[in-house]
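Have the model open as you read.

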Amino acid sequence: MLKGNCINRFAIISFIILCVTDIPVSAQKIKLNTFLDTTSILIGDQLHYTIEIEQPKKISVSFPSIKDSLTSKIEIVKSEPTDTLVRGDNWLIRKKYLITSFDSGSYTIPAFKFAFKFENVNDTISSSQLVLKVNTLPVDTAKEIIDIKPTMNTPFSFSEIKWELLTGFVILLIIGLAIWIFMRFRKNKPLFSPKKPQEPPHITALRELDLLRSEKLWQGNQIKLYHTRITDILRQYITGRYGIYAMELTSDEILHALSSELNTDMELKMSFSKLLSLADLVKFAKAEPLPDENEISLLSAYTFVNRTKIELSNTNTDNNKELNNQE
Amino acid sequence: MSEAVNIRELNERIQKESSFVDLIQIEMGKVIVGQKQLIESLLIGLLSDGHILLEGVPGLAKTLAIKTLADTIDAKFSRIQFTPDLLPADLIGTMVYSQKEENFLVKKGPIFANFILADEINRSPAKVQSALLEAMQEKQVTIGTNTFELGKPFLVLATQNPIEQEGTYPLPEAQVDRFMLKVVIDYPKKEEERGIIRQNLAKSFPTASKILRTEDILKARDVVKDVYMDEKIEKYILDIIFATRYPQDYNLSKFQNLIHYGGSPRASISLAMASKAYAFIKRRGYVIPEDVRAVCYEVLRHRIGLTYEAEAENITTENIITEILNTVEVP
């Protein structure tokens, strides 16, 4: 009889142990944790409700569908994106909700069920319940009604005031211009200064010839460059003086273009023609003129410029000087 | 002035060697009234070993000018009238079976001469034109298995008529490029035409005398090659050619949409060579910018391709060359 009781007891204990240890292996591998930033808030304050699941990579866990509120009194302000981290062989999945409550009291956040599947077995795991206490402010009805919080300011941007800035700038510009015009009238000065007259071509040419003489090119055996410079200076002078694009003309064409101007001074025409011919020989036929011929070419260039230049009248010159002084 | 020795010697040599130029001009002037530019162009082609394409309306003495030039030189002259039924064998020759020899013998065509007048070249189909143009380029022809060198000098003077385009075969651009010069002949002046009338109504028509041998021409060609061309002139030639290719680089952006293609390297060579020949004709031992400008139209007018836009706006290659010459800086 005793032996039979002993056998029964052993069978019952074995059954209980088996029942207790029959928890799925997969559920043991999933760690679920939910928590709040704080358990007590002032009415209207915001806090995070965080769900963390640590699970093996091969298990897929489904989150419960939580839409706009956790309970009837706790609202979800914002659902933040799910964050997934690797922790060893596991995934750590973290989901945060920004929540708030506008009713004072103590509220319980219910447990949520998370479904998962492991080796063709469907199962669930539950989160723990949490309590959130929402405090209110003591209301003194005798006092004036005031805001609980000051008004929140959005970040400042210049684009908000661009038109005001532009308008202000234009107004300042108009005022400045008006003052400048008033001052010019008061000093009896014209509004706009006349354009500074361009340097007469003969001044430029004579300056360039002086520079060429000082460089002593032919004395340094740079005869080709020397004659090229002389003809270039004269061609630019002719362009400025007569409006003939001499830089694009050959020697014969230049002489032909100037024939009406030079026919009145045959001596000048001859010396200018000789200058161009000699320059052509030096430039294109390796000619090496005698030192005197080099000097004569430069002198002929000076003569050509001096005899064909248009002198500004004294009145104009005086006016120009006056204008320059005023500037 | 003490010029560099080589140029002075060259000038003296050219003065001596180019004396025949005046004689040719005098002899041609006996037969051809006016057309000074045409005569000069023919001499440039003759002296620089370049073939010439003559274009002009009928009756402007194109054929007569070429025939007269050939008459002044003791050389073989052939005139080939290009017709739609002409065959390459009619031009270069063929193999003929000889019963006596019992063998095929080579019968050389009219191309075996020193001066070839290809009259109305655009009246023959492309295969005949190609045969001629190949001979022009290679200076040799192959008949059967034998290759024959053509005579020296070998100068082709082709004429074409700008009107009556019906039934003609215009020369392709690539083949036109093989002509060194394209000379466009215009009507003579009133005084010149009066001389032409009187000359033709006279009892006897003047003829040109032979004053030169082929050896003289070959010798003159060597002298022409010795004419000195300074690097400034070379740069000027390159600027002109490059302005036809890249007008935007020479402040001629307006031509960018008007020029389809510019001058080829053959154009640069021809412009340089023709400039030297022109300097020789003017009895100078060196090239000056005037020489380049004088031959520029003849060398470039057939080497610049125009777009449809240019044709629609009636812009010619001559307009473009003029603008380029007025824009490119003269050295």
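## Where chain B meets chain A

In this predicted model, 24 residues of chain B are in contact with 21 residues of chain A. Together the two chains bury about 1900 Å², 57% of it on carbon and sulfur atoms.

Two salt bridges are found across this interface. One of them joins the side chains of Asp230(B) and Lys224(A), at 2.7 Å from N to O. Eight residue pairs are in polar contact between chain B and chain A, both residues at pLDDT 80 or more. On the chain B side, the elements giving two or more residues are α1 (5-17), α10 (231-245), α12 (289-300) and α14 (317-327). That side divides into 13 nonpolar, four polar and seven charged residues.

## Two domains in chain B

Now let's turn to chain B itself, which is assigned domain 1 (18-216) and domain 2 (228-327). Their centres, taken over C-alpha atoms, are separated by 25 Å. Contact involves 25 residues of domain 1 and 19 residues of domain 2, and the two domains bury about 1900 Å² between them. On the domain 1 side, Ile44(B), Asp177(B) and Met180(B) lose the most area to domain 2, together 29% of what that side buries.

Four salt bridges cross the domain interface. Among them, Asp177(B) pairs with Arg266(B), with the closest N and O atoms 3.2 Å apart. The domain 1 side draws at least two residues from each of α2 (19-31), α3 (36-47), α7 (173-176) and β10 (181-184) of chain B. The largest share, six residues, comes from α3(B).

Technical notes: Residues numbered from 1 in each chain as written. Chains lettered and ligands numbered in written order. Predicted model: local features only at pLDDT ≥ 70, side-chain atom pairs only at ≥ 80, totals over all residues. Heavy atoms only, no water. Contact = heavy atoms within 4.5 Å. Buried area = accessible area lost by both parts, 1.4 Å probe. Polar contact = N/O pair within 3.5 Å; in protein donor to acceptor, adjacent residues only side chain to side chain. Helix = DSSP H or I, 4+ residues; strand = E, 2+ residues; numbered from the N terminus. Nonpolar A, V, L, I, M, F, W, Y, C, P; charged D, E, K, R; others polar. Domains from an automatic or database assignment.
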